[in-house]
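Hello,

Here is the structure I promised to hand over. Please open it first, then read my notes below.

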Amino acid sequence: MQAINRIKSITSHLVAGGDVWKRVNTSPDALNPPPLNVCITGAAGQLAYSLIFSVCAGRMFGPYQPVNLRLLDIPKMMDSMKGILMELEDCAFPLLSGVQATAVPAEAFKDVNVVLMLGAFPRGPGMERKDLLKLNTNIFKEQGQALDQYAARDVRVVVVGNPANTNCLTLKTHAPSLPSHCFSALTRLDQNRAVSYVAAKLHVPVTDVENVIIWGNHSNTQYPDYAHAIVRDAKGAPSSVLQAIQDDDWQKKIFIPQVQQRGLEVIRQRKTGSAASAAKAVVDHTHSWLFGTSSGEYVSMAVTSDGSYGVPSGLICSFPVTCKGGEFNIVNNLPIDAFSRQMIDKTVQELVEERAIASSYYSSRP
């Protein structure tokens, strides 16, 4: 653990509370801005390896905000973590104020400001969904309790490990002293995939397409929806994606299934899950949450339902949201047609079923 201690020894003073999420430094003239305490779980995994260096390079929090990094994984991965720590040293990131690798959640979550929860128990061959939910319920129950006890009160948590929505719900349930708005789960990867497909269909850059929505669960029941999306022309004038495409067969037989099944297709081709694209989506998600969305723009985040669009209150469900000052707000009153209603109801029903399975394990021991 020599590398761990050597880097840890240069750690700057820490930020433990207050409105740190709203006070991320964006000024190149600030003198010794305090670092954010950032924890990445599942830190020895492939996805983390694609993400850690982006965080330290300033892609998530900007080029003027230092970070104090906590890397959390299970004990048997500590040797692998030594190699990551060596590479972090060798990169000499100016924004990396300090780093600590640990297998103890209490250490990783102490005064933490941002948690990127990549780690989860993966689904194995022949494993039923209820078995996967049970294993992950035990993991996220323990981590939720640790967050509740040790994290900064303004912590922001992004759950990525699958089943992400219900893992996030378990985490939130077992951190009752932290407000619901501290928690979210990742559906930005699905949004990015959907935007890419729409842009290709319209032969435009992805930057010209906005407001594609992912509704519901991060699973193959999710509903990618471009009914409210816009595409901008060369002069920046917006028009309706729905009107531009006008192809129901493509929407229902190609677009929706491709977005829903894209993760499995990546696994079939690479023999392993998405890493670089998922890491980029985590950066996008967190950056939008922190720095806000543009006027008229909304993005997809799985957040606690307030009953909008008929989604039961308390579920972690993907909605269109706007972000400002480190807070998100669900976009309300979008018109929902009969097909969209059917698709949303289907994915929400899956979330309801997952919640019932997970909650049945809340009182059980691992």
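How much space lies in the second largest pocket? About 430 Å³. A pocket is an open set of points on a 1 Å grid over the protein atoms alone, where a 1.4 Å probe fits, with protein on both sides within 12 Å along at least five of seven lines. Volume is the space filled by probe spheres set on the points, which are joined across faces, edges and corners.

This is a predicted model: local features need pLDDT of at least 70, side-chain atom pairs count only at pLDDT 80 or more, and totals for chains, interfaces and linings use all residues. Residues are numbered from 1 along each chain as its sequence is written, and side-chain values use heavy atoms, without hydrogens and water.

**The pocket**
Lining residues have an atom within 4 Å of a point. Helix α7 (188-202) gives the most, with 5 residues. Helices (H or I, at least four residues) and strands (E, at least two) are DSSP runs, numbered from the N terminus.

**Strand β4**
This strand covers residues 114-117. Val 114 and Leu 116 on one side are buried, as are Val 115 and Met 117 on the other. Buried means under 20% relative accessible area (1.4 Å probe, protein chains only). β4 pairs with β1 (residues 36-41) in the parallel sense over 4 bridges. Strands pair if DSSP finds at least two bridges between them. Met 117 is the bridge partner of Thr 41. β4 also pairs with β5 (residues 156-159), parallel, over 4 bridges. There, Val 157 partners Val 115.

Best wishes

Technical notes: Buried means under 20% relative accessible area, exposed over 50%, partly exposed in between (1.4 Å probe, protein chains only).
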